[in-house]
Amino acid sequence: MFQALIDVILPVFLVIGAGYAATLAGYFKPEHIDGLMRFTQGFAIPCLLFRAIAHLDLNASFDPALLGSFYAGATLCFASGLFGARYFFGRDWEDSVVIGFCCLFSNSVLLGLAITERAYGPESLTGNYAIIAIHSPFCYGLGITVMEVIRNRGRGGRKMASSVLSAMFRNVLILGIAMGFAVNLSGLGLPQILDDGLSLITRAALPGALFALGGVLVQYRPEGDLRVIAYVCVISLMAHPALVWFFGSALSVEQGLFRSGVLNAAMAPGFNAYIFANIYGRAKRVAASSVLIATGASIFTVWAWLTLLGSSAP
């Protein structure tokens with residue numbers, strides 16, 4: 001499976017590396033990367049998710065065993081990050097929630113889609129889109145709810161609910177997913193001219209976002225908190241996919257969906273981990289450094305999971 005490293009993983013990380021090198025060399029300035037990130041994260045990827053959900057066969061995609069396996073593993077990883085940060089590393093509760101969120105939110109869009117497509121083809125993404133459809137609502141819902149409970153210390157339940165809903169419905173990825181569901185469930189379909197236009201936009205989504213991710217990572221330096229960062233990396237890159245493998249095997253998840261679940265779980269923390277840290281102003285250095293280091297380390301850990309999936313998936 002050495003070929004998987006060359007054919008599947010390295011092309012994705014070469015695009016990230018190109019963005020990193022071009023920004024580090026000054027060819028792209030931070031404001032250029034910010035503009036590209038705004039286009040991809042704020043427009044092209046929501047269009048990608050809208051179109052994918054609008055065309056998705058919901059009956060075939062939303063397999064309860066797949067989603068149960070993935071999100072049971074994610075929740076256990078969130079709890080491990082939260083309580084590990086609190087009791088192993090002595091962080092306060094607010095920092096611990098952010099660290100738990102870093103363990104929870106895998107980069108299922110930029111890395112998960114790109115690597116799964118290269119490994120198993122575009123037709124293999126059904127499980128990915130099912131996971132992505134509820135990924136942001138689930139992760140933000142869990143993270144924000146726990147943070148608001150801790151911050152309010154039991155006071156102001158109405159304020160807490162308002163904070164959760166407001167944060168979720170300001171997220172353009174969630175809006176794109178919601179609109180895709182609306183079109184899908186309506187049974188009306190997309191007009192051909194609109195579908196063709198969206199297809200053109202979405203072709204730029206993943207490569208543009210991967211390049212921008214490389215440029216964004218230049219801004220971060222792995223400094224301090226190295227034990228906590230290593231803890232986040234182990235949970236994100238090893239514990240989460242192992243848990244999904246265990247649950248998926250126990251529930252006899254179909255092979256293609258099983259691969260999507262394990263690979264999505266094996267991705268490094270997404271940039272949303274830093275966004276969550278920035279919203280609350282807590283553990284930002286841990287979040288930024290975890291995204292950077294885990295993204296680099298995932299070149300090798302994802303290769304290992306691909307090797308296992310190629311030979312041992314149920």
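D92 and R282 form a salt bridge in which the closest N and O atoms are 2.2 Å apart. D92 sits in the loop between α4 and α5 and R282 in the loop between α14 (272-280) and α15 (284-312), so this bridge ties together parts 190 residues apart in sequence. The structure is a predicted model. The protein contains 15 helices and 0 strands, and 54% of its 314 residues count as buried.

**Salt bridges**

- The structure holds 6 salt bridges.
- In the pair described above, D92 is partly exposed at 29% relative accessibility, and R282 is partly exposed with a relative accessible area of 24%.
- R282 also meets D95 in a salt bridge, at 3.1 Å from N to O. This pair links distant parts of the chain, with R282 in the loop between α14 and α15 and D95 in helix α5, 187 residues apart.
- D95 is buried, with a relative accessible area of 10%.
- Salt bridges with shared partners join R91, D92, D95, D225, R282 and R285 into one network.
- R91 is in the loop between α4 and α5 (93-104), while D225 is in the loop between α11 (205-217) and α12 (226-250); the two are 134 residues apart.
- R91 is buried at a relative accessible area of 15%, whereas D225 is partly exposed at 23%.

**Cysteines**

- A search of the whole structure finds 0 disulfides.
- For C103, the closest cysteine sulfur is that of C102, 6.7 Å away, which is too far for a bond because a disulfide needs the sulfur atoms within 2.5 Å.
- C103 is buried, with a relative accessible area of 2%, and C139 is buried at 0%.

**A buried asparagine**

- N128 belongs to helix α7 (residues 126-152) and is buried, with a relative accessibility of 0%.
- Apart from neighbours within four places in sequence, N128 is in contact with G112, L113, T116, S260 and N264.

**Surface and overall contacts**

- The accessible surface of the protein comes to about 13,400 Å², and 65% of that belongs to carbon and sulfur atoms.
- F83, Y87 and F88 make a nonpolar surface patch of about 390 Å².
- Y87, one of the patch residues, lies in helix α4 (residues 64-87) and is exposed, with a relative accessible area of 58%.
- Among contacts between residues at least 6 apart in sequence, 84% join residues at least 24 apart.

How values were computed. Residues numbered from 1 in each chain as written. Predicted model: local features only at pLDDT ≥ 70, side-chain atom pairs only at ≥ 80, totals over all residues. Heavy atoms only, no water. Buried < 20%, exposed > 50% of the residue type's maximum accessible area, 1.4 Å probe, protein only. Helix = DSSP H or I, 4+ residues; strand = E, 2+ residues; numbered from the N terminus. Contact = heavy atoms within 4.5 Å. Areas by Shrake-Rupley, 256 points an atom, 1.4 Å probe, with all protein chains shown as cover. Patch = residues over 30% accessible without salt bridge, like charges linked within 9 Å, V, L, I, M, F, W, Y side chains within 5 Å. Salt bridge = Lys/Arg side-chain N within 4 Å of Asp/Glu carboxyl O.
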